[in-house]
Protein chains: 2
Amino acid sequence: MQLTQGVHRAALIHPARTALACQDREYTWAQFRDRVARLAGAFRAHGIGSGDRIAMLAHNSDRYVEYYFATLWAGGVILPLNSRWSPAEIEACIRDAEPRLVIADEQHAELAQAVCRATGVATLLSTADWEGYVHGSAPVPDALRSGEDLAALFYTGGTTGRAKGVMLCHRNFFTNSMMHIANLGLGDEDAVHLHVSPMFHVAGGARLFSVTMAGATHAVLPNFEPEAFLAAIERHRVTVTVVVPTVLNRLVNHEHLDRYDISSLKLLSYGASPMPETLLRRAMDRLPGVSFLQSYGMTELSPVATMLMPRYHTFEGPDAGFTRSAGQPVFNADVAIKDANGHELPPGVVGEVCVRGPMVMQGYWRAPELSAQVLRNGYMHTGDAGYLDERGFLFLVDRVKDMIITGGENVYSVEVENVLYQHPAVHECAVIGIPSDAWGEAVHGIVTVKAGVDVTGDDLIAFVRERIAHFKAPKSVEIRKHELPKSGAGKILKSELKAPFWRAEKRGIH
Amino acid sequence: MQLTQGVHRAALIHPARTALACQDREYTWAQFRDRVARLAGAFRAHGIGSGDRIAMLAHNSDRYVEYYFATLWAGGVILPLNSRWSPAEIEACIRDAEPRLVIADEQHAELAQAVCRATGVATLLSTADWEGYVHGSAPVPDALRSGEDLAALFYTGGTTGRAKGVMLCHRNFFTNSMMHIANLGLGDEDAVHLHVSPMFHVAGGARLFSVTMAGATHAVLPNFEPEAFLAAIERHRVTVTVVVPTVLNRLVNHEHLDRYDISSLKLLSYGASPMPETLLRRAMDRLPGVSFLQSYGMTELSPVATMLMPRYHTFEGPDAGFTRSAGQPVFNADVAIKDANGHELPPGVVGEVCVRGPMVMQGYWRAPELSAQVLRNGYMHTGDAGYLDERGFLFLVDRVKDMIITGGENVYSVEVENVLYQHPAVHECAVIGIPSDAWGEAVHGIVTVKAGVDVTGDDLIAFVRERIAHFKAPKSVEIRKHELPKSGAGKILKSELKAPFWRAEKRGIH
């Protein structure tokens, strides 16, 4: 169950097939195996032993793919760094994960050098010297780590606290990859996967294992730019790729869409957020030969728990009505909805989405308390609030910690926010629960308004009450002058907004 | 990575889909989960705890499928008994595996009773009381054994020695099942698998896990009878099934083939032996909408190592020429050809077929020495002799122990036997190596001839020399009057034929 096995197999059965194509570089599977074995030799020469971390700070490229497999081949652990992080965040990650090597591309060389100097924990390598590493080393034998051996640390921040290193083992990605091969057609003889999602995220990274295990072809783009994306599909005869809905939106509205031959494309998989119906309809209209597939998951699930399969991307017939769901559990995923006491809830009732199966992470790196908080009774507690319907379709409603319980009723902050955003005056908003003697929690809205528009809190309350159940409408709305506090990823930090209201409460922040 | 997980998932996402159909009995996945949980309760009430074996001596039926999953659900280990074994062989197996329970159907009740009485190790249950077990017990929670936990013992005899219990864990079948789902289309919404291979063999048994993990439909026939087989395909809208070539032969030559609507059938997978070209051509001609897929493996590989995919079932174009091969390594299988010293051999050179990967058994039950003989340096040594071509297609030539090395050349006994069988006088034959001062080993033929035919050894030697290289032809042929010694499965026991020749040799029997 080792993630390098696909390299051996593909080199055996498809030696002359293209393994990897990026810009003007292209390697067959026989070449790829040889390059990976040599690069692993270079890593070993730099002291990499079993379980040592090798960090990468770079844009997507063919080197990034080789880094993944050479790291495992050498016996190491992949540690991809988010190139959008601040220097301080990168430094914190390096101090926590203690890689022996840090590799940076030319755009990140300066930053990486500063971080290496500051932390003193790692040796710096550059992708500029890549061919030297490859050709300056003899091939070394595969370390053959597998199963429960740690394969990668993916740091994930979210909206609270410091970033945590998600420990994913060979078995984790093996499970996800076999599911992908079955559901994405990666085993087809003509399968070519275009990687455009960042390889420092697990969504982009996990696909590297799936495609390799299938012995298919990797085509790589450094980032998303619509014309380059379309040109890459045409040039490499891409059959499958994964995008986020915003990227799809730019794609299907692109003026030159028809200038490219993208007839090879069979499947567009997307994730991170459900597809808006108008966008999906437009995409299905403009890409008539393409199937759509939605994935839901998180880094801790390496990363997929549920999929909305192509057949449910329809607006007619018995399979219609599911495009707002996150789909059904994938092979080997047990999805359960649990209440705060850990009891499983029946269909239709909202609770925390919990997942059990071989895709669940081993834990957070050097953080047993944090691991124990989310890994309980064999389940990963995702922190997402949702419900399952009678056929196991998962509908997500909110983050658990953003749910408000008022007068015994559950209110999902997201639902109320969606209504507030419909008001023309609202620039941004957050709905939170605040202490209330009468209701336990009261629904409270915090809003910034667009320049030159005049609106009161009562106007907005009335606006919401016209559109959804009264118990869901805010009891109070305050209008603020300054931008709401946000995380590095741009998410509004509700925890910061809540804190002042709860500080005085004996119950504390919840 | 637990093999019962598919039951939970299928009951969640396909509660009303048919799980299991056999004769006049049919259960949905919701019903199947409930029945399995109750049956597991009955097993627990009979004292089954974690790792306890439950034996089954029966023909294929829906009960057999329920037995598989209820055993695992209860925490037990599956122990299917070959209903073609002699009472002594069954007794030996029971003494070795020490099951706590033995279940028998009505046809095997008397035999099972005798064995239980003789061994005193097990309590006897009858499938005649099945509904009582199911309805007399409350559902119990799934024991959730998984990963390295033992799932099944399959006894395998072969042509030498006593039967050995092959220890297969949850991870083994998980790997095989995910490969099957990807390669057999079991994840398709309309997938219905017809089980006709005996469930006491791993080939039939492993499919039960694959189909369940996929959440597809099991259709079950007690045994192969052409009209019933065709009727079952029509009735259940079967999409995929697995047969041995002899069964396929009876099928495609059946006079009533055209009377049945078998248009649902998409894939016929076959194994145990390569398909004769004439039969394959006829099958492709008579079943034009059906794809063919060959599997090669053994019980110790749970069971598949290589597959010849549908595209290579052709006699024209660049994909032709592979129907005599066993195909290429499946996902996650490392196949290597090794010489007697364990060195890997290059393409085209014959050696022992060795397999590494998560499908390799844990070992033989209570036989560490036997396990160590075949599990070496991470590889399962199959005992099959073969070679890989430049693209990883595996061509099998013989059993390793039946290869003859004469004057430095390898001779495959099977190849010489195939030529001898072309002679009209030959009834049966075996080709073995015997001691020779001049050649190291000399090729020696042992033949029985058809009644009323007159032929000499020299005639047969000349016959062979006209057809294949002279060094492969026997140096001597003896004609025997009595039938050659055979195993229970009908294979000629070459070890017995060899023994007298080698007894006097210092080198001993090899």
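**Axis**

I looked for the residue of chain A that comes closest to the rotation axis. I found Ala182(A), with its C-alpha at 2.0 Å. I note that this is a predicted model.

Next I checked how the two chains relate. A rotation of 180° superposes chain A on chain B, with 0.0 Å of shift along the axis and an RMSD of 0.1 Å. I therefore wrote down a two-fold axis. I also compared the contact residues. I saw that 96% of those in chain A recur in chain B, so the same surface serves both copies.

**Contact between the chains**

How many residues does each chain bring to the contact? I have 24 from chain A and 23 from chain B. H1(A) gives the most, with five residues. I then sorted this side of chain A by class. I got eleven nonpolar, eight polar and five charged residues.

**Arg286(B)**

I moved on to one residue of chain B. Arg286(B) sits in helix H11, which covers residues 277-286 of chain B.

Is Arg286(B) buried, exposed or partly exposed? I noted 14 C-beta neighbours inside 10 Å, so Arg286(B) counts as partly exposed. Burial would take 20 or more, and exposed would mean 12 or fewer.

Which residues does Arg286(B) touch? Leaving out residues up to four places away in sequence, I found Val252(B) and Leu257(B).

Last, I looked up the separation of Arg286(B) and Asp384(B). They are 98 residues apart in sequence. In space, I have 33 Å from C-alpha to C-alpha.

Technical notes:
Residues numbered from 1 in each chain as written. Chains lettered and ligands numbered in written order. Predicted model: local features only at pLDDT ≥ 70, side-chain atom pairs only at ≥ 80, totals over all residues. Helix = DSSP H or I, 4+ residues; strand = E, 2+ residues; numbered from the N terminus. Contact = placed C-beta atoms within 7 Å. Nonpolar A, V, L, I, M, F, W, Y, C, P; charged D, E, K, R; others polar. Least-squares fit on C-alpha atoms with pLDDT ≥ 70 in both.
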